[in-house]
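Please keep the sequence and the model at hand while reading the numbered points.

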Amino acid sequence: MTTLSIDHVSRWFGNVVAVNDITMTIGPGVTGLLGPNGAGKSTLINMMGGFLAPSTGTVTLDGQPVWRNERIYQHIGIVPEREAMYDFLTGREFVVANAELHGLGAKAAQKALATVEMEYAQDRSISTYSKGMRQRVKMASALVHEPSLLLLDEPFNGMDPRQRMQLMDLLRKMGDEGRTVLFSSHILEEVEQLARHIEVVVAGRHAASGDFRKIRRLMTDRPHRYLVRSSDDRALAAALIADPSTAGIEVDMSEGALRIQAVDFGRFTVLLPKVARDHGIRLLTVSPSDESLESVFSYLVAA
Amino acid sequence: MYDPTVARLTYRALLGRRRALILGALPLLLIVLSVAVRALTGADDQTASDVLGGFAIATMVPIIGVIAGTGAIGPEIDDGSVVYLLSKPLKRPTIIFTKLIVAIAVTMVFSAVPTLIAGLILNGNGQQIAVAYTVAALVSSIAYSALFLLLGTVSRHAVVFGLVYALVWEALFGSLVPGARTLSVQQWSLAVAHKIAGGDLVTSDVSLTTATVLLVAVTALATWYAGQKLRTLKLAGEE
């Protein structure tokens, strides 16, 4: 059992607060750290990995401090977001070097390379690797000592769908084996596919924590706003407002469009095209006006 | 204290094609210069001492020290790949000590060896001049490597600061301002060389005792401090 505890951790850089009083406990299994870009995910992961001192608060792994404690790395594997990784080495040389630094040999390196299915390209220079291949070799270097805690910063960035699936399978397997796996992402769907448990961070604050489905429901059930243009805006507005899925409609004269607020997302998306067809109205524009992750997240923070 | 894997990675990074070319350029220039001087003026002890003292010790050794010392760690910190060393159960002073050994070895090979060859070309080691300056190059390689490794650990602009120190402080102030000479790796190493060479062809402004104490103290302090800085090195996030 490996538990990573973040206890009232804050981190500021000069006047900027990157992480604001976050407390969370990461246990065995796969946990997703979700938040928009710039939310403080990397800062948090850097503190979890012992590369950054918290300004206040503590980060511990099974009671051991992570900061200024080199021995803790016997139990931690890290997949950093940054690309740089001794490009002049071959994939095999890189993973072997990582194994040696843990006091292990070529055998452990070979096993890790096999796990990430990189044996076919292991003797090529890393400088010739695609982003997905780099990611997998980074992964091998983090797995070489079979750590009980694996930290991955935006691991799916730049991967093609097949590579993404492979890595997800691998992480899922590691979680099932009882390891503690934490990965960060700003993409909802990625987290949804992989993690049952998620931690949401928005603007440096801990916004939500718990079962993914519950949080996802919170996200989908929030009021959605749409901008709609049609061949007959007023007739469409009258027909839509009769249904309980629509909470409000504004006729925006300057835009020549309807601003619709829907409370039941699922029902509204079915209703809109049906109503339009039944009334012989042509839909010209249907665009969600607050679908950005930031607005989804800020709704969560307010909830 | 010494980790062979860290050493191997550092050697490979330092002796990559482009850096090796830069490291080799100055020694090559020294040897070409020595051949030309010998051909034009014949073997002369004073000329040999001027070339070795003025170019090899005053310019070439510190510049090679800058390239090897800062290059042993600076680029890794800059691009973030040092994370692969730091995320290991490896004492931070071990990383620094190993990188220091590599930087010293590289600086010695690229500065002391060509100094010896140039000395032999210039006057065939008459009055022990070639050996004296070679020893000076070896001694200063150690101190420069330690100083510039520390600089590479604490600053992102290590090469610029290093070159300013090597060229402005050592070469310019060292020859113009008498006080600056006491705080000059070059003068310390010349004090050692003075002991070896016959006569007054090699001179230094500091005594051998002062020089030895300062050389040891600077090397030890710089190495210790670099180890401490690496323990609390903050890897900047992408955000």
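How many aromatic pairs does the structure hold over all chains?

1. Basis of the note. This is a predicted model, in which local features need pLDDT of at least 70 and side-chain atom pairs count only at pLDDT 80 or more, while totals for chains, interfaces and linings use all residues. Residues are numbered from 1 along each chain as its sequence is written, chains are lettered from A and ligands numbered from 1 in the order in which they are written, and side-chain values use heavy atoms, with hydrogens and water left out.

2. Aromatic pairs. Over all chains, the structure holds 9 aromatic pairs. Rings of Phe, Tyr and Trp (its six-membered ring) pair if their centres lie within 6.5 Å; planes under 30 degrees apart count as stacked, over 60 as edge-to-face and the rest as tilted. One of the pairs is edge-to-face and consists of A:Tyr86 and A:Phe88, at 6.0 Å centre to centre and 90° between the planes. A:Tyr86 counts as buried because its relative accessibility is 5%, whereas A:Phe88, at 34%, counts as partly exposed. Here buried means under 20% relative accessible area, exposed over 50%, and partly exposed in between (1.4 Å probe, protein chains only). A:Tyr86 and A:Phe88 also belong to one aromatic cluster with A:Phe94 and B:Tyr84.

3. A pair in chain B. B:Phe148 and B:Tyr165 form an edge-to-face pair because their ring centres are 5.9 Å apart and their planes stand at 70°. This pair links distant parts of the chain, 17 residues apart: B:Phe148 lies in helix α7 (residues 129-154) of chain B and B:Tyr165 in helix α8 (residues 158-176) of chain B. Helices (H or I, at least four residues) and strands (E, at least two) are DSSP runs, numbered from the N terminus. B:Phe148 has 2% relative accessibility, so this residue counts as buried.

4. A bent helix. Where does helix α3 (residues 45-71) of chain B bend? The bend, of about 40°, is at B:Ala56; such a bend is the angle between axes fitted to the seven residues ending there and the seven starting there. The helix α3(B) is largely enclosed by the rest of the structure, because 21 of its 27 residues are buried.

5. Chain A as a whole. Chain A has 10 helices and 14 strands. Its C-alpha atoms fill a box of roughly 75 × 45 × 35 Å, taken along the principal axes. Of the 303 residues in chain A, 51% are buried.

6. An open sheet in chain A. Four strands with antiparallel pairing form an open sheet in the order β2-β1-β4-β5; two strands pair if DSSP finds at least two bridges between them. Its edge strands, each pairing on one side only, are β2 (16-26) and β5 of chain A. Strand β1 (residues 4-13) is joined to β4 (residues 56-61) by 5 bridges.

7. A covered strand. Strand β3 (residues 29-34) of chain A is mostly covered, with 6 of its 6 residues buried. A:Gly29, A:Thr31 and A:Leu33 point one way, while A:Val30, A:Gly32 and A:Leu34 point the other way. Strand β3(A) runs parallel to β8(A), with 6 bridges, and parallel to β9 (residues 197-202) of chain A, with 4 bridges. A:Leu33 stands opposite A:Ser184 in β8(A) and has A:Glu199 in β9(A) as a bridge partner.

8. A cavity with lining from both chains. A cavity is a set of points on a 1 Å grid over the protein atoms alone where a 1.4 Å probe fits but cannot get out, and lining residues have an atom within 4 Å of a point. The count comes to 4 cavities of 30 Å³ or more. The second largest cavity has a volume of about 60 Å³, a volume being the space filled by probe spheres set on the points. Its lining includes A:His102, A:His145, B:Tyr84 and B:Lys88. The largest share, 3 residues, comes from β6(A).

Notes
1 Å grid on protein atoms, 1.4 Å probe; cavity = no way out; pocket = protein on both sides within 12 Å on 5 of 7 lines; lining within 4 Å.
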